[in-house]
Amino acid sequence: MSGDTDGKIFVGQSTGDDGGKAEYLALKLANRHGLATGATGTGKTVTLQTLAEGFSRAGVPVFAADIKGDLSGIGMPGEGQDWIVKRCAEIGIDYVPDEFPVIFWDLFGEQGHPVRATVSEMGPLLLARLLDLNDVQEGVLNVVFRIADEQGLLLLDLKDLRAMLAFVAENAAKLTTTYGNVSPATVGAIQRALLVLENQGADKFFGEPALKITDLMRVEPRSGYGTISLLAADKLMGSPRLYASFLLWLLSELFEELPEIGDPDKPRVVFFFDEAHLLFDGAPKALLQKVEQVVRLIRSKGVGVYFVTQNPLDIPDSVLAQLGNRVQHALRAFTPRDQKAVKAAADTFRPNPKLNTAEVITQLGKGEALVSMLEGNGTPSMVARTLIAPPAARVGPITPELRQVALARSPVRHAYDETLDRESAYEILAKRAEQATAPGGAPAPSEAEAQSGGWLADTLGGLFRRGPRGGMSMGERMVNQVTRQVTNEVTKAILRNVLGGARRR
């Protein structure tokens, strides 16, 4: 769009009494995060697309959750619809169609490349949130992860986690003294929660090859445009806990992997999280603190995070305070909660003496918004009523056929489409159990297992290890001892019955 200039993204034209002025998002302040809110049908998705195009044009990769599929047209040239041409004329810019490099992703692997993470990468905290576990169940899950880590057992997919849970349940008595009480009933409750998760399709998310964060940070070499990664989220909305956990995992991975770079001239990558309230609904305090920490610190790694939601009250105050660039579309004040939201939204803007912010929020038309962006040394600009610039690419969804063409041309088409199932906890535990029940017992544990000194190797290997000089194994001696004890007890019982009966006669 011709309204863009170096170092800035053109957002729109304000409509003040003085004729207004151009509103820009400064790229060097874009990693200070942002917020776009407004009621359904007020133009939030179009605003998201306009900002995403601006970042891409500046060479900044973008990741966005595509809730309804409306963003998929961003990879096709714009069609110059009447309302777009009219809006361009209103804000004084030329309409120039454009298209942007797009990679489609899908946690279920249906409308894009599969997105996967390993169970270990997700970690017990986010997994407990995903499974909706209570404190006791989360504690047991932490024990499972600790044991797997100590024994070098990879937790890659859900069958690995199931195998570890079953193993922990079978050895609960041994674990209690070292790790605290581990109840088989609690393990069973976690297994049932996993079953519910599998029924929602989450088993497709856990596994390998896991998503490489660098594949979300690509720049198209010919045009220099940042690649826009779109996550198909229409079906994912049916599993809101999975969606929220994925987004939190993604932020955590970025935070862990990217080095500190301070405040760059433009962000390394920008994330748009639509339906952001799903991240926070019912989240435990520990998880909210994690989100706040990541949002606060991740900007120094050159990452911008933009939340998109209907109501500013959907975002906790501790997170809301970190969001410097803001676009507020219309809100409807039909209920007391709506009125509270309008006041909350108005109070977060830097006041404009020429504007009654709370009143204007309820009067905004479609495609209009109150805009306040960071400027200068990072202070917010005075809020301004603004006509939002239209996108340059196609607005609205593309056909399934066009999506398949884009997938076939994707630069990562060979990296993620085939599932990888390498040896991990499930295979190793199954193999050891099979060896333990085989005739002659199991072979001795490997050198690594022997050096670990863990009870796992002792339990699975040592019990059936042959004694010196080919003698009986410990397990065989235990079996013989138990057999003798049982035989003696049975013999005594028979004699008591016989002798007792003889005396009675």
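Let's start inside: the largest nonpolar core has 87 residues, of which Leu127, Phe205, Phe246 and Phe307 touch the most other members. A nonpolar core here is a set of buried Ala, Val, Leu, Ile, Met, Phe, Trp, Tyr and Cys residues joined through side-chain atoms within 4.5 Å. Helix 8 (residues 240-257) gives the most to this core, eleven residues. Apart from this core lies another, of 33 residues, including Phe55 and Ala393. In soluble globular proteins, nonpolar side chains tend to be buried together.

A word on the source: this is a predicted model, in which local features need pLDDT of at least 70 and side-chain atom pairs count only at pLDDT 80 or more, while totals for chains, interfaces and linings use all residues. Residues are numbered from 1 along each chain as its sequence is written, and side-chain values use heavy atoms, with hydrogens and water left out.

Twelve strands form an open sheet with mixed pairing, in the order 2-1-14-11-10-3-9-8-4-7-5-6. Strands (E, at least two residues) and helices (H or I, at least four) are DSSP runs numbered from the N terminus, and two strands pair if DSSP finds at least two bridges between them. Strand 2 (22-26) and strand 6 (113-114) stand at the edges with a single partner strand each, so one side of each has no neighbour in the sheet. Strand 8 (residues 269-273) and strand 9 (residues 303-309) pair in the parallel sense over five bridges.

Now look at helix 12 (residues 336-347). Its buried residues are Ala341, Val342, Ala345 and Ala346, where buried means under 20% relative accessible area, exposed over 50% and partly exposed in between (1.4 Å probe, protein chains only). On the other side of helix 12, Pro336, Lys340, Lys343 and Asp347 are exposed.

Finally, there are 21 salt bridges, each a side-chain nitrogen of Lys or Arg within 4 Å of a carboxyl oxygen of Asp or Glu. Three of them are listed here.

| Salt bridge | N to O distance |
|---|---|
| Arginine 32 and aspartate 263 | 3.3 Å |
| Glutamate 90 and arginine 87 | 3.0 Å |
| Arginine 337 and aspartate 314 | 4.0 Å |

Arginine 337 belongs to helix 12, and aspartate 314 to the loop between strand 9 and helix 11 (317-320), 23 residues apart. Arginine 32 lies in the loop between strand 2 and strand 3 (34-37) and aspartate 263 in the loop between helix 8 and strand 8, so this pair ties together parts 231 residues apart in sequence.
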